[in-house]
Each structure stands twice: as structure tokens, then as C-alpha cells.
Amino acid sequence: MWLPIVGLLIGIAFGLYSNVTIPPEYMHYLSIAVLAALDTLFGGLRAHLQSNFDITVFVSGFFFNTLLAGGLAFLGIYLGIDLYLAAIFAFGVRLFNNMAIIRRILFHRLSSGKQQDI
């Protein structure tokens, strides 16, 4: 459970302290890639907490979602429509949903742990 969090912290530190610049024409793709990675991370954490984590689903979901979102962004740029906003909305909803479920699971575990101590 701690490995994805360490990877996330390493990625944030690398992004903050490196001189890598992303060209502005790729900003739509970068925003979708970051959201896809966060969605996969929190979805995997949720699955782990619910004891139904599957590495095949985790990896295939990451690549499928990223490719689908990138395809939507590419198609939207090609057509002159902001289709990447649909992917951002979908990933945002899933991200908040996963965070809410993770929070409920952790609160439930904390409250049931306190009741067992009494």
C-alpha cells in the first residue's frame, strides 16, 4: 500500500525540482495523463482497502484509460472541440468518488478499532 504513495511523492519531487518543461501544445495531454495516473492510483488504493485488488485490472485500466483519454484529446484537437474536458470531468468524478470511499473505509476501520480497544 505504501509503494504507490512513495512513487507519487517521488514523481512530485521530480516534477518540482527538475528543469523539464512541457511544450504548451501538449498541456491537454499532460492534464489528462496526470488525472489518469491519479485515478488509477486512488482506484488501486480503494481496491486494496476493499481486499479485491487485481494487478491485471490495475495495469490494464491505467493504459486503457490513458489511451482513451489521449484519443479523445487528439480527436478534440483535430476537430476543434474541447473533447479532453469530457475525460477531465470523468476522471475528476471518479477521483472524488474513490477518495470518498477511501475516507469512509478508513473512518470505519478507525472507529471499529477504537470500539475494540474499549
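I began with Leu67, which I found in helix 3, residues 55-79, where helices (H or I, at least four residues) are DSSP runs numbered from the N terminus. Leu67 is exposed, with a relative accessible area of 66%; exposed means over 50%, buried under 20% and partly exposed in between, with a 1.4 Å probe and protein chains only. I also looked up the separation of the C-alpha atoms of Leu67 and Ala100, which is 26 Å, for two residues 33 apart along the chain.

I noted that this is a predicted model, in which local features need pLDDT of at least 70 and side-chain atom pairs count only at pLDDT 80 or more, while totals for chains, interfaces and linings use all residues. Residues are numbered from 1 along each chain as its sequence is written, and side-chain values use heavy atoms, with hydrogens and water left out.

Next I turned to the aromatic rings. Rings of Phe, Tyr and Trp (its six-membered ring) pair if their centres lie within 6.5 Å, and planes under 30 degrees apart count as stacked, over 60 as edge-to-face and the rest as tilted. By this rule I have 3 aromatic pairs. Phe53 is partly exposed at 40% relative accessibility, and Phe58 is partly exposed at 27%. Phe62 and Phe63 form an edge-to-face pair, with 5.2 Å from centre to centre and 75° between the planes. Phe62 is partly exposed at 26%, as is Phe63 at 49%.

Then I looked at the pockets. On a 1 Å grid over the protein atoms alone, a pocket is an open set of points where a 1.4 Å probe fits, with protein on both sides within 12 Å along at least five of seven lines, and lining residues have an atom within 4 Å of a point. The largest pocket holds about 520 Å³ of space, and its lining has 21 residues, with Gly11, Ile12, Leu30, Val34 and Ala37 nearest the centre. Helix 1 (2-17), helix 2 (27-49) and helix 3 each give two or more residues to this lining.

The second largest pocket holds about 270 Å³. Among its 17 lining residues, Gly43, Gly44, Ala47, Val57 and Phe58 are the closest to its centre. Helix 2, helix 3 and helix 4 (84-117) each supply at least two residues of that lining, and helix 2 gives the most, with 6 residues.

Key. Grid points are joined across faces, edges and corners, and a volume is the space filled by probe spheres set on the points.
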